[in-house]
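User: Hi! Could you walk me through the ring contacts and the sheet in this one?
Analyst: Happy to, here it is.

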Amino acid sequence: MDWIAVDWGTSRLRVWAMADQNDVPLKEARSDRGMGQLTRDDFEPALLDLVGDWLSDQRQTPVIACGMVGSRQGWSEAPYAAVPSEPLAAAMARATTKDQRLRVWIIPGLKQTSPADVMRGEETQIAGFQAMTPDFDGVICLPGTHSKWAHVSAGEVVSFRTFMTGELFACLADATVLRHSVATSGWDETGFSEGLDITLSRPERLASELFSLRASDLLEGTGGAVARARLSGLLIGAELAAAKPYWLGQSVAVIGSEASSAPYLTALRAQGVAPIRVDGSEMSLRGLRAAFETVKDTVP
């Protein structure tokens with residue numbers, strides 16, 4: 001092992017032991033100790049719980065971290081770089097450590113002043129995608145709790161928008177009257193397509209269509225899996241309607257897991273778009289490696 005890659009989000013922590021000339025991780029570990037449950041003094045112990053056995057007493061091991069670990073509430077704030085910008089253009093922040101076996105850098109996020117928007121973690125995935133496809137010019141969609149649409153041109157993130165679609169789905173399905181009608185699992189392609197068509201063409205109908213999910217269950221016995229898929233379609237349809245300036249007539253790449261990407265791929269293909277999909281974890285690792293290359297010669 002030559003260095004450690006870290007993806008530290010709000011709800012989870014993932015780490016990989018990496019060799020200098022090998023993109024395949026030597027080891028991997030993860031925990032649910034995300035930024036959201038840690039104080040500033042908790043970050044180093046949380047990391048050491050996963051990687052302590054990987055470290056050598058004879059040398060400092062470089063650690064490159066991305067995600068919410070660099071937020072104001074994180075281990076050490078890594079100030080945002082303003083777009084337009086290369087995704088890894090800004091200098092990384094150094095985190096103070098008590099364990100001398102660690103030398104930790106944190107990748108800054110990106111910010112946009114008008115309209116106001118920020119990202120942390122996704123810039124690393126974008127950098128990883130650019131390392132793999134340096135000539136790509138178009139739009140990158142990153143599904144998730146807060147999905148992102150980023151316009152990329154000439155190696156820079158030109159602009160981006162965030163949509164709280166995933167979080168809205170969770171809130172509506174778990175904490176509103178819809179919890180009585182929306183199943184926790186299952187899927188129905190027809191239900192998804194119907195919801196998608198409604199809000200993609202008429203996004204102003206979203207609020208009323210949401211309650212129709214409950215009414216249809218009460219009056220017609222619509223299954224929970226159908227309601228779940230239809231809810232997803234309604235929300236993603238509204239997102240695509242607002243993001244149309246990004247994906248219409250553009251080359252589109254979707255970065256994410258198979259599960260999170262699937263509804264977006266279906267929705268985009270229904271609109272005549274031919275998106276490509278790449279794995280989110282793989283792109284994170286490629287981006288973290290690109291960041292490591294900028295500092296590896298500074299490690300004693």
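**Rings, charges and a sheet**

Analyst: Let's begin with R94: its charged end sits over the ring of W105, 5.2 Å from the ring centre. "Over" here takes NZ of Lys or CZ of Arg within 6 Å of the ring centre and within 35 degrees of the ring normal.

User: Which ring does the charged end of R120 sit over?
Analyst: That would be the ring of Y80, with the charged end of R120 4.1 Å from its centre.

User: Before I go on, what sort of model is this?
Analyst: It is a predicted model, where local features need pLDDT of at least 70 and side-chain atom pairs count only at pLDDT 80 or more, while totals for chains, interfaces and linings use all residues. Residues are numbered from 1 along each chain as its sequence is written, and side-chain values use heavy atoms, with hydrogens and water left out.

User: Thanks! How many aromatic pairs does the structure hold?
Analyst: There are 6. Rings of Phe, Tyr and Trp (its six-membered ring) pair if their centres lie within 6.5 Å; planes under 30 degrees apart count as stacked, over 60 as edge-to-face and the rest as tilted.
Analyst: One of them is W3 with F292: the centres are 4.5 Å apart and the planes at 5°, so this pair is stacked.

User: Where in the chain are W3 and F292?
Analyst: In distant parts: W3 is in strand β1 (residues 3–8) and F292 in helix α9 (residues 280–295), 289 residues apart. Helices (H or I, at least four residues) and strands (E, at least two) are DSSP runs, numbered from the N terminus.

User: Is W3 buried or exposed?
Analyst: W3 is buried, because its relative accessibility is 0%. F292, at 3%, counts as buried too. The cut-offs are under 20% relative accessible area for buried, over 50% for exposed, and partly exposed in between (1.4 Å probe, protein chains only).

User: Why is the pair of W187 and F192 called tilted?
Analyst: Their planes stand at 40°, with the centres 5.4 Å apart, so the pair is tilted. W187 is partly exposed at 38%, whereas F192 is buried at 1%.

User: Which residues do ring pairs link into a cluster?
Analyst: W8, F43 and W75.

User: Switching to the sheet: in what order do the strands come?
Analyst: The open sheet has 5 strands, ordered β12-β11-β10-β13-β14, with mixed pairing. Two strands pair if DSSP finds at least two bridges between them.

User: Which strands stand at the edges?
Analyst: β12 (156–163) and β14 (276–278) do; each has a single partner strand, so one side of each lacks a neighbour in the sheet.

User: And how many bridges join β11 to β12?
Analyst: 7, and the two strands run antiparallel. Among the residues involved, S147 has F163 in β12 as its bridge partner.
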